[in-house]
Amino acid sequence: MDLLADGKPKEACGVFGLYSREISGELAQRTYFGLYALQHRGQESAGIAISDGERTLAMRDMGLVSQVFDERKLASLEGGHIALGHVRYSTTGSASWENAQPEFHGRGDVNVFVAHNGNLVNAAELRHELEGEGFEFESTSDTAAIAASAVGELEKGQTVAEAVLRTMRRLSGAYSVAMIFRDKLVAFRDPHGFRPLCIGEVEGGYAVSSETCGLDIIGAKLLREIEPGEVVVIDDDGLQSYRAEEARRALCVFEYVYFARPDSRFDGKEIAHARQRMGEVLADESPAEADVVIPVPDSGIMAATGYAQQSGIPYAEGLIKNRYVGRTFIQPADSMRQLGLRLKLNPLPSIIAGKRVVVIDDSIVRGNTARKLVGLLFEAGAAEVHFRVSSPPVTGPCYYGIDMDTKEGLVGANYTVEEIRDQIGATSLAYLSVEGMTNATEQKGRLCRACFDGDYPIPGATQKFALENADTVVGKK
Ligand code: SF4
C-alpha cells in the first residue's frame with residue numbers, strides 16, 4: 001500500500017468556464033484562479049482553453065494548476081472572450097497527458113473543446129457506436145465519446161442546444177460538462193445531477209463552475225445551480241436554457257461528506273453546515289464517555305466541532321497535518337517506512353496523553369489509515385480511542401465518477417462494525433446512520449447514496465459498467 005495515501009475515495013474532476021468580453025484581457029488568469037479553487041477535485045492534470053469565437057488555444061499538462069501554469073503561459077493564452085478550465089483525477093482512462101482536459105475533438109470544420117466531471121456507465125458501448133460512425137479516438141477517457149457525439153450532431157446541422165440534447169439521450173451516467181463550440185460556451189448536467197455545476201454572473205458575462213468556491217474566487221455572483229438535465233448556452237445574445245427529460249435527482253452524497261469544499265454552497269446552504277450537523281447527529285446516535293474530541297484534519301474538522309458542541313466534550317486539535325505532503329510526494333526509503341502516516345499527521349501528546357479521546361473522521365473506505373491512526377494516538381499516550389465516522393459504512397463501489405474500490409476492497413462491505421473495530425484497534429467504533437447523514441444534508445429524496453445503501457439510481461448500470469471495464473468478456477458483443 002502507498003504509505004502516503006490517505007485512504008479516501010478520489011474525486012473525478014473540476015470544470016470551469018467563463019464568457020465575458022469585458023474581462024477578455026484577464027480571462028486566462030481568472031480561469032487559473034477558478035481552477036485553483038477547484039484543485040481539491042483533481043490533482044493529476046490541469047488545462048485551460050481560450051477562444052475568441054474563431055480560434056481556440058489550449059494548454060494542458062500533468063500536475064497541479066500551479067505547476068502547469070505560470071504568468072508567462074497565462075499571458076500567452078490571453079486574448080479571447082470564452083474560457084474553459086479543467087482539473088482532473090482519472091476514473092475512466094489512465095492518468096496520462098492524452099487524457100488531460102480540456103479535450104479537443106473535431107472533424108472537418110466542426111470541433112469542440114470539452115471539460116467533463118463524472119463517469120459514463122455506457123462509455124465503451126458509445127465509443128463502439130461512434131467508431132461505426134467514423135470517429136477515431138486518441139484518448140481513452142469517456143469525455144471523448146461525449147465530444148464526438150456532439151460533433152456528429154453538429155455536423156448534421158443541428159443547433160448547439162439540439163446537438164447537446166441529442167447527445168445527452170445517448171449518454172448514461174454522471175456528467176457535468178462545460179464545452180466551447182465556436183462562439184458559444186455551453187454547460188450541461190446529466191438528468192440525475194450526480195455531480196454539481198453552478199452558474200454565476202461576472203463583469204459583462206457568465207461563469208460556470210463545479211462548485212461555488214470557483215465563482216467566489218473570481219468575484220462572480222452565484223445565480224443558481226445548473227439544474228439536472230439542463231443545457232445552458234451562452235453567447236453574445238446572453239444565456240439560453242434548455243431541458244432534457246427529467247430523472248430521479250441524485251446528487252452524490254459524498255459531495256457533502258467529503259469531496260466539496262466546506263465553503264461551497266449547494267442549494268443555498270454551506271457544505272460546512274451539513275458537515276457540522278453530521279457531527280451533531282453522530283453525537284446523539286453514538287455518544288462516548290470521553291475527555292476530548294479531536295478531528296482528523298482537514299476533512300473531519302467540521303463534524304468534530306459538531307460532535308463536541310452536541311456532546312459537551314471539549315474540542316481540541318490533537319493531530320497536526322503537514323499541509324505540504326501531496327500526491328506527488330516521493331515515497332520514503334524502505335528504512336523509513338515506519339514513518340508512514342506520521343509524514344502527514346503528527347499527534348500532540350499534550351492534548352492526547354492520558355485522555356479518553358474521541359477521534360472523528362469523515363469516512364473509512366479500506367481501513368488501513370484508520371488502523372494506523374489509532375496506533376498513533378495510543379503511541380501518543382491516549383487512554384482510550386473512540387473512533388467515530390461522520391458517514392455510514394461504504395458497502396458498494398461507485399459507478400458515477402468516484403474512484404472507489406471494488407466491493408472486495410471496501411472494509412465496510414466485508415466486515416461487521418465490531419470486526420472493523422477489532423482490525424483498527426479502537427476502544428469503540430461507530431458510524432453515522434444513513435438516515436442521520438441524509439437528514440444532515442436536508443436533501444432527502446434528492447441524493448445518490450448508492451455506495452452506502454445499494455440503491456443505484458441508474459438501473460442495470462452496475463452490471464453494464466462491470467462488463468465494459470472487464471479485461472476480457474467471453475461472449476460480449
Ligand atoms: S455511489 Fe456513492 S460516491 Fe458514487 S455517486 Fe453515489 S453516493 Fe456518490
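Trainee: Why is Asp284 called exposed?

Mentor: Asp284 has 11 other C-beta atoms within 10 Å, so Asp284 is exposed. This is a predicted model, in which local features need pLDDT of at least 70 and side-chain atom pairs count only at pLDDT 80 or more, while totals for chains, interfaces and linings use all residues. Residues are numbered from 1 along each chain as its sequence is written.

Trainee: Where is Asp284 found?

Mentor: In helix 9, residues 271-285; helices are DSSP runs of H or I with at least four residues, numbered from the N terminus.

Trainee: What makes Thr441 count as buried or exposed?

Mentor: Thr441 has 24 C-beta neighbours inside 10 Å and therefore counts as buried. Thr441 belongs to helix 15 (residues 434-441).

Trainee: Which residues is Thr441 in contact with, leaving aside neighbours within four places in sequence?

Mentor: Val253, Tyr256, Ala274 and Leu447. Contact requires C-beta atoms, placed from the backbone, within 7 Å.

Trainee: Which residues are around the ligand?

Mentor: Phe194, Cys252, Val253, Phe254, Cys398, Tyr400, Ile402, Cys448, Arg449, Ala450 and Cys451; a residue is near a molecule if its C-beta atom, placed from the backbone, lies within 6 Å of it. Helix 8 (253-259) and helix 16 (450-453) each supply at least two residues of this shell.

Trainee: What is the size of the largest nonpolar core, and where does it lie?

Mentor: The largest nonpolar core has 150 residues; such a core is a set of buried Ala, Val, Leu, Ile, Met, Phe, Trp, Tyr and Cys residues joined through C-beta atoms within 7 Å. Domain 1 (13-250) and domain 2 (270-445) both give residues to this core, so it lies between them. The domain bounds come from an automatic or database domain assignment.

Terms used
Buried ≥ 20, exposed ≤ 12 C-beta atoms within 10 Å, placed from the backbone. Contact = placed C-beta atoms within 7 Å.
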